[in-house]
Amino acid sequence: MRNRVKQIIVEEFSKLISLIEKDFPANYARKANNFLLSQMDMHIIANMVFVSSFESKSGFAIEACAKRIARLTFGEENVPAIVNPRHLAHSINPDTVTGQIVVTDVDTYNSEFEREDHRVPRLK
């Protein structure tokens, strides 16, 4: 189990490194054309490109590791791509989900966390 977990981490972070390397030229060109950043040394721009890319992409690598390790530990069927504990109707195709989606009728964009037909009790 320990070796399989290590293998998952190596695979996902190897993908991360490859993706950062692949995206670097285009990302560098965008930063180099920025009127504020273009005044900086090319090494500073390169470092900024790397940090920005690593920051945005590393979360996906960590999420992929967590999902794969959870599925290895608890079984594929116990770590679904679509979490729907209340069995709400939806049209999400599980084959198109790359992360994990929680199906809810709570309006997560509403600060009052209201459902369509009633309020969810607030924790105090």
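Predicted model: local features only at pLDDT ≥ 70, side-chain atom pairs only at ≥ 80, totals over all residues.
Trainee: What makes up the secondary structure of the protein?

Mentor: The protein has 2 helices and 2 strands, and from the N terminus on their order is α-α-β-β.

Trainee: Why is the protein called more spread out than a compact globule?

Mentor: The globule rule gives 14 Å for 124 residues, and the radius of gyration of the protein is 21 Å, well over that value, so the protein is more spread out than a compact globule. Along the principal axes, the C-alpha atoms fill a box of roughly 55 × 40 × 35 Å. Buried residues are 23% of the 124 residues.

Trainee: Why is Asn27 called buried?

Mentor: Buried means under 20% relative accessible area. Asn27 has 17% relative accessibility, so Asn27 counts as buried. This residue lies in helix α1, residues 2–32. Leaving aside neighbours within four places in sequence, Asn27 is in contact with Val49, Ser53 and Lys57.

Trainee: What makes Glu11 and Arg68 a salt bridge?

Mentor: The cut-off is 4 Å between a side-chain nitrogen of Lys or Arg and a carboxyl oxygen of Asp or Glu. In Glu11 and Arg68 the closest N and O atoms are 2.7 Å apart, so the pair meets the rule. Glu11 lies in helix α1 and Arg68 in helix α2, so the pair ties together parts that are 57 residues apart in sequence.

Trainee: Which residues are linked with Glu11 in a network of salt bridges?

Mentor: Glu12, Lys15 and Arg68 are linked with Glu11 in that network. By the salt-bridge rule the count comes to 6.

Trainee: How do you know that Arg71 and Glu76 form a salt bridge?

Mentor: Their closest N and O atoms are 3.4 Å apart, and the cut-off is 4 Å, so the pair qualifies. Glu76 has 53% relative accessibility, so Glu76 counts as exposed.

Trainee: What distance is found between Asp105 and Arg86?

Mentor: The side chains of Asp105 and Arg86 meet in a salt bridge at 2.8 Å, N to O. This pair links distant parts of the chain, 19 residues apart: Asp105 is in the segment after β2, and Arg86 is in the loop between β1 and β2. Arg86 has 44% relative accessibility, so Arg86 counts as partly exposed.

Trainee: Why is His87 called exposed?

Mentor: Exposed means over 50% relative accessible area. His87 has 71% relative accessibility, so His87 counts as exposed. This residue lies in the loop between β1 and β2. His87 also has a positive phi of about 55° although it is not a glycine.

Trainee: What makes the nonpolar surface patch, and how does Ile44 qualify for it?

Mentor: Met40, Ile44 and Met48 make the patch, which is about 230 Å². A patch residue needs over 30% relative accessible area. Ile44 has 39% relative accessibility, so Ile44 counts as partly exposed and passes that cut-off. Ile44 is found in helix α2, residues 42–74.

Notes
Residues numbered from 1 in each chain as written. Heavy atoms only, no water. Patch = residues over 30% accessible without salt bridge, like charges linked within 9 Å, V, L, I, M, F, W, Y side chains within 5 Å. Areas by Shrake-Rupley, 256 points an atom, 1.4 Å probe, with all protein chains shown as cover. Helix = DSSP H or I, 4+ residues; strand = E, 2+ residues; numbered from the N terminus. Buried < 20%, exposed > 50% of the residue type's maximum accessible area, 1.4 Å probe, protein only. Contact = heavy atoms within 4.5 Å. Rg over C-alpha atoms; globule rule 2.2 N^0.38 Å.
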